[in-house]
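Me: I would like to go through the labels attached to this model and ask what each one rests on. Please set each value against its cut-off.

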Amino acid sequence: KNETDVAVPTDKAFFVLGIENPLRQFFFKCSQSPVFQWLMNVSVLISCIVLLITPPFEEESRPSLMYILNEDQLGLAELIFNIIFTIEVIVLVMAKGFVLGNGTYLRNSWHLFDLIIISISWVDYFNLLNGYAAAKTLRMFRVLKPLRVVKRNRAMRDVVNALIAVMHPMSYILVLLCTLVLASSIVAVGAFGGRLHACSNPVAAYPLGKRECSGFYVLGSVE
C-alpha cells in the first residue's frame, strides 16, 4: 500500500482551508489518486537511475570517457525531478496541512525526511553553498534519494520502523556483550599473561630480558 491508506484530515490547512473547501478537496483527491501515486513512483525510479549514471567526479576533473548524459542533460534532469517532487510536497501540504493538527505533513517522519532531501536538492542545484566546505558534504546526501522508495511502500516502511524500534532494546544486549567480552579479557590476561612467549636466546629471562629477546639471535658460533 502507498499513501492511499492515510486517514482524511479534519483540521484546517494554514488555518484557512477546511476539509470542505473545494481547493483542498481538489488537492486531497489528487494526493489519493492512483495516477498521482503511479507518477510519483515512476519519478522516484527514474531519478534513482539518473543518480546511478551520474559521474562521481566534477566536470573539470572527469576522465576523458563517454558518459550516458552530459553535464547539461544531468542538470536538466535534476531540475525536472526537483520540480516534480516539489509539486508533490505542495499537493500533500495543501491536502493535509503543514505542521499544526493531526495527520499534517510534518507530523509524518517520512514526509519530513522527503522535505529535507528536496531542500538539499534545491540547495545543490543552485550551488548556494558553492565555495564552502559543507558543499561537498551536502552533495553526499544525494545518496539518500533512493530511500524515497521506502517511503512509498508500506511494507518497507514497516520493516524500517521495526528496525528503528528494536534499536533501544538491542542496546542492552550490546552492553551485556561488551561486559562479557571485558570479563573474559580480564580472566584471560590473569590466566595467560606472561606465559605466551618464546625466546631463542637462552641467556635472556623474560620479561626482565625482554630487550635482549628482541631482534635477531643466531644459535651457534659465527665464523
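Me: What do the buried residues of α1 pack against?

Reply: In this predicted model, the buried residues of α1 pack against α2 (34–53) and α3 (71–96). Packing here rests on contact, that is, heavy atoms within 4.5 Å.

Me: Which residues of α1 are buried, and what puts them on the same side of the helix?

Reply: Helix α1 spans residues 22–32, and its buried residues are Arg24, Phe27, Phe28, Ser31 and Gln32. They cover an arc of only 130° around the axis, so they lie on the same side of α1. Pro22 and Lys29 are exposed on the other side of α1; the cut-off for exposed is over 50% relative accessible area.

Me: Why is Asp114 called buried?

Reply: The relative accessible area of Asp114 is 1%. Buried means under 20%, so Asp114 is buried. Asp114 sits in helix α4 (residues 109–125). Leaving aside residues up to four places away in sequence, Asp114 touches Glu88, Tyr105, Arg148, Lys151 and Arg152.

Me: What makes a set of residues a nonpolar core, and which residues form the largest one?

Reply: The members must be buried residues of the nonpolar kinds listed for a core, joined through side-chain atoms within 4.5 Å. The largest nonpolar core has twelve residues: Val44, Cys48, Val50, Leu74, Ala77, Phe81, Phe85, Val89, Leu92, Val93, Tyr105 and Ile118. Two or more of these residues come from each of α2 and α3, and α3 gives the most, with seven residues. A second, separate core has eight residues, including Phe28, Phe36, Met40 and Met94.

Me: Which residues does Phe85 touch, not counting residues up to four places away in sequence?

Reply: Phe85 touches Met40, Ser43, Val44, Ser47, Ile118 and Arg148. Among them, Val44 and Ile118 are listed with Phe85 in the largest core.

Me: What makes the nonpolar surface patch a patch, and which residues make it?

Reply: A patch residue needs over 30% relative accessible area, and nonpolar side chains are joined within 5 Å. Val159, Leu163, Val166, Met170 and Ile173 make a nonpolar patch of about 470 Å². Helices α7 (154–165) and α8 (167–192) each supply at least two of its residues; Val159 lies in α7.

Me: How many helices and strands does the chain have, and how much of the chain is buried?

Reply: The chain has nine helices and zero strands. Buried residues make up 26% of its 223 residues.

Note on methods: Residues numbered from 1 in each chain as written. Predicted model: local features only at pLDDT ≥ 70, side-chain atom pairs only at ≥ 80, totals over all residues. Heavy atoms only, no water. Helix = DSSP H or I, 4+ residues; strand = E, 2+ residues; numbered from the N terminus. Buried < 20%, exposed > 50% of the residue type's maximum accessible area, 1.4 Å probe, protein only. Patch = residues over 30% accessible without salt bridge, like charges linked within 9 Å, V, L, I, M, F, W, Y side chains within 5 Å. Areas by Shrake-Rupley, 256 points an atom, 1.4 Å probe, with all protein chains shown as cover. Salt bridge = Lys/Arg side-chain N within 4 Å of Asp/Glu carboxyl O. Arc of directions from axis to C-beta.
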